[in-house]
Amino acid sequence: MLIGVRLNQTELAALVGSAEDTVQRALRQLRARGLIRTGYRRIAVLGVPELLALSDEPPDTGPATT
């Protein structure tokens, strides 16, 4: 899955409210685990289930019904 927003690491850090070095470290760790691949202003997610397992949020299953 290719993330459709083209951001550099500085822009990504600002978007998520984190320091650039923290974003760089996180991306490096995710690449080392084979969960993402990065390129110029691109992030490809290779391991969606594994990333979801690392997150604190349940997967988005679509619009909520009430």
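Mentor: Let's start with R41, which sits in the loop between β1 and β2. Keep in mind that this is a predicted model.

Trainee: Why is R41 called partly exposed?
Mentor: Its relative accessible area is 26%. Buried means under 20% and exposed means over 50%, so R41, at 26%, falls in between and counts as partly exposed.

Trainee: And what is particular about the phi of R41?
Mentor: That phi is near 55°, a positive value in a residue other than glycine. R41 belongs to the hairpin of β1 and β2, which has 2 residues between the strands.

Trainee: How do you know that β1 and β2 pair?
Mentor: Pairing needs at least two bridges. Here 4 bridges join β1 (residues 36-39) to β2 (residues 42-45), so the two strands pair, and they run antiparallel. In that pairing, T38 stands opposite I43 in β2.

Trainee: What else does I43 touch, leaving aside its neighbours within four places in sequence?
Mentor: Its contacts are M1, L2, I3, L12, L27, I36, R37 and T38. I43 also belongs to the largest nonpolar core, along with L12, A13, V23, L27 and I36, 6 residues in all. The helices α1 (9-16) and α2 (20-32) each supply at least two residues of this core.

Trainee: What makes that set a nonpolar core?
Mentor: Members must be buried, of a nonpolar type, and joined through side-chain atoms within 4.5 Å. L12, A13, V23, L27, I36 and I43 form such a set. For the chain as a whole, buried residues make up 15% of the 66 residues.

Trainee: Why is α1 called roughly perpendicular to α2?
Mentor: The two helices pack at an angle of about 105°, with their axes 8 Å apart. Angles of 65 to 115 degrees count as roughly perpendicular, so α1 gets that description relative to α2.

Trainee: Which residues make the contact?
Mentor: From α1 they are Q9, T10, L12, A13 and V16, and from α2 they are E20, V23, Q24 and L27.

Trainee: What is there to see at the two ends of α1?
Mentor: At the start, a side-chain oxygen of N8 reaches to within 3.0 Å of the backbone nitrogen of T10. After α1 comes G17, whose phi is positive, near 70°.

Trainee: How far is L7 from I43?
Mentor: Their C-alpha atoms are separated by 8.9 Å, and the two residues are 36 apart along the chain.

Terms used. Residues are numbered from 1 along each chain as its sequence is written. This is a predicted model: local features need pLDDT of at least 70, side-chain atom pairs count only at pLDDT 80 or more; totals for chains, interfaces and linings use all residues. Side-chain values use heavy atoms; hydrogens and water are left out. Buried means under 20% relative accessible area, exposed over 50%, partly exposed in between (1.4 Å probe, protein chains only). Contact means heavy atoms within 4.5 Å. A polar contact is a pair of N or O atoms within 3.5 Å; within protein, one must be able to donate a hydrogen and the other to accept it, and residues adjacent in sequence count only if both atoms are side-chain atoms. Axes are lines fitted to C-alpha atoms, for helices over the stretch in contact, and angles run from 0 to 180 degrees between N-to-C directions. Angles under 35 degrees count as roughly parallel, over 145 as roughly antiparallel, 65 to 115 as roughly perpendicular and the rest as oblique.
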